[in-house]
Amino acid sequence: MPYDPTIYRGSARYYARGRPPYSRELVSTRADEAGLNGSGRLLDVGCGPGILTLELAPSFEEAIGLDPDADMLREGARSADEAGVDNIRWIEAVAEAIPTLGLGPCKLVTFGQSFQWTDRERVAETVYDLLEPGGTLALIVNTVDGRPEPEPPVYPPIPHDEIDEIVRRYLGPRRRAGQGFRTAPPDRYEDALARTRFGKPRVVFAPGRPDVVRDVDNVLAGYLSMSYAAPHLFGDRLDDFAADVRALLNARSPSGLFWDWPGDTEILLARKGQGGSGSSGGTRSQLPGSPTAFQPP
């Protein structure tokens, strides 16, 4: 799958403020699962503007944020400087190029909602070779399907269906992705990993944040951070699209505020065995404080 450099063109400045956050328990969960103690190396693949990289970097001696989009990496480096995080190296490359980069063994390799953009099995095998014995691959996503929805606060939920209809009105019925269209993976991440040396992964859930509230500009930023609604896709109609979304949002919430429920944070864990064989176990478990046990989608 050749990389299309226009997939997220113009999205980097919207990403950090537009994307919903992961669980507050994500870092502590990863530390418990992977035995993180401030040593070793983290590789965050498809890091975007470094949201996950910055969260996890203090748990390692060195962190690497890898992404093919130079604008995303510049945003990540700027955020790291502002936060005083100085142990991150930023590398512009696709995941498939990892064998050529001389990164050194890693204790943890993460994909924060980015694994779908890769040649999944090929990249997983590459990660397996890169990990130190006992090292872990973690695929991290926010998941709504099958997860119990908490009671909303006083603000209305984001009207995603109506905004998606506005996107379709401007860009057509098929979801765009760069110069082409979005093609979903043929099966689940678990199935892809099961065909590699990792074997079937273990899945845990960290409870999502039930209290995320966004204003109109941040809701719009969330859409402009998406590959299927990246700013360049609208051409000279971007301002018209933004005006239509703002008009809808202002009509739906007099306060201009909305509840954002991204779901629970789902973490697929695949470990490289001490002897070189996969040892993930293929189980699903629930973290303390999570609202309920896993329900298959």
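Me: What counts as a salt bridge in this predicted model?
Reply: The model is predicted. A salt bridge pairs a side-chain nitrogen of Lys or Arg with a carboxyl oxygen of Asp or Glu. The cut-off between the two atoms is within 4 Å.

Me: How far apart are the closest N and O atoms of Glu 62 and Arg 89?
Reply: Glu 62 and Arg 89 form a salt bridge. Arg 89 is partly exposed, at a relative accessible area of 35%. The closest N and O atoms of Glu 62 and Arg 89 are separated by 2.9 Å.

Me: How many residues apart in sequence are the parts that Glu 62 and Arg 89 tie together?
Reply: The two residues form a salt bridge. Glu 62 belongs to strand β2 (residues 62–67) and Arg 89 to strand β3 (residues 88–92), so the pair ties together parts separated in sequence by 27 residues.

Me: Which helices does the salt bridge of Glu 162 and Arg 252 tie together?
Reply: The side chains of Glu 162 and Arg 252 meet at 2.5 Å, N to O. Glu 162 sits in residues 160–171 and Arg 252 in residues 238–252, so the pair ties together parts 90 residues apart in sequence: helices α6 and α9.

Me: Which residues are linked in a network with Asp 187?
Reply: Asp 187 forms a salt bridge with Arg 195, with the closest N and O atoms 2.9 Å apart. Asp 187 is partly exposed at 24%. Arg 195 is also partly exposed, at 43%. The salt-bridge network links Asp 187 with Arg 120, Glu 121 and Arg 195.

Me: Which side chain of opposite charge is nearest to Lys 107, and how far away is it?
Reply: Lys 107 lies in strand β4 (residues 106–112). Lys 107 is buried yet has no salt bridge. The cut-off for a salt bridge is within 4 Å. The nearest side chain of opposite charge is Glu 132, 5.3 Å away.

Me: Which side chain is joined to Lys 107 by a polar contact?
Reply: Lys 107 touches several residues beyond four places in sequence, among them Leu 36, Phe 60 and Leu 131. Asn 37 is also one of those it touches. The polar contact spans 3.3 Å, and the partner side chain is Asn 37.

Me: How wide an arc do the buried residues of α6 cover?
Reply: Ile 163, Asp 164, Ile 166, Val 167, Tyr 170 and Leu 171 are buried in α6. They lie on the same side of α6, because their arc around the axis is only 155°.

Me: Which residues are exposed on the other side of α6?
Reply: The buried residues of α6 are covered by elements including β6 (176–177), α8 (216–224) and α9. On the other side, the exposed residues are Asp 161 and Arg 169.

Me: Why do the buried residues of α9 lie on the same side?
Reply: Phe 241, Ala 242, Val 245, Leu 248 and Leu 249 are buried in α9. In an α-helix, residues three or four places apart point the same way because there are 3.6 residues a turn.

Me: What do the buried residues of α9 pack against?
Reply: The face turned away from the buried side of α9 carries exposed Asp 239 and Ala 251. The buried residues pack against α6, α8 and β10 (257–260).

Methods:
Residues are numbered from 1 along each chain as its sequence is written. This is a predicted model: local features need pLDDT of at least 70, side-chain atom pairs count only at pLDDT 80 or more; totals for chains, interfaces and linings use all residues. Side-chain values use heavy atoms; hydrogens and water are left out. Helices (H or I, at least four residues) and strands (E, at least two) are DSSP runs, numbered from the N terminus. Buried means under 20% relative accessible area, exposed over 50%, partly exposed in between (1.4 Å probe, protein chains only). Lys and Arg count as positive and Asp and Glu as negative; His and the chain ends are not counted. A polar contact is a pair of N or O atoms within 3.5 Å; within protein, one must be able to donate a hydrogen and the other to accept it, and residues adjacent in sequence count only if both atoms are side-chain atoms. Contact means heavy atoms within 4.5 Å. The arc is that of the directions from the helix axis to the C-beta atoms.
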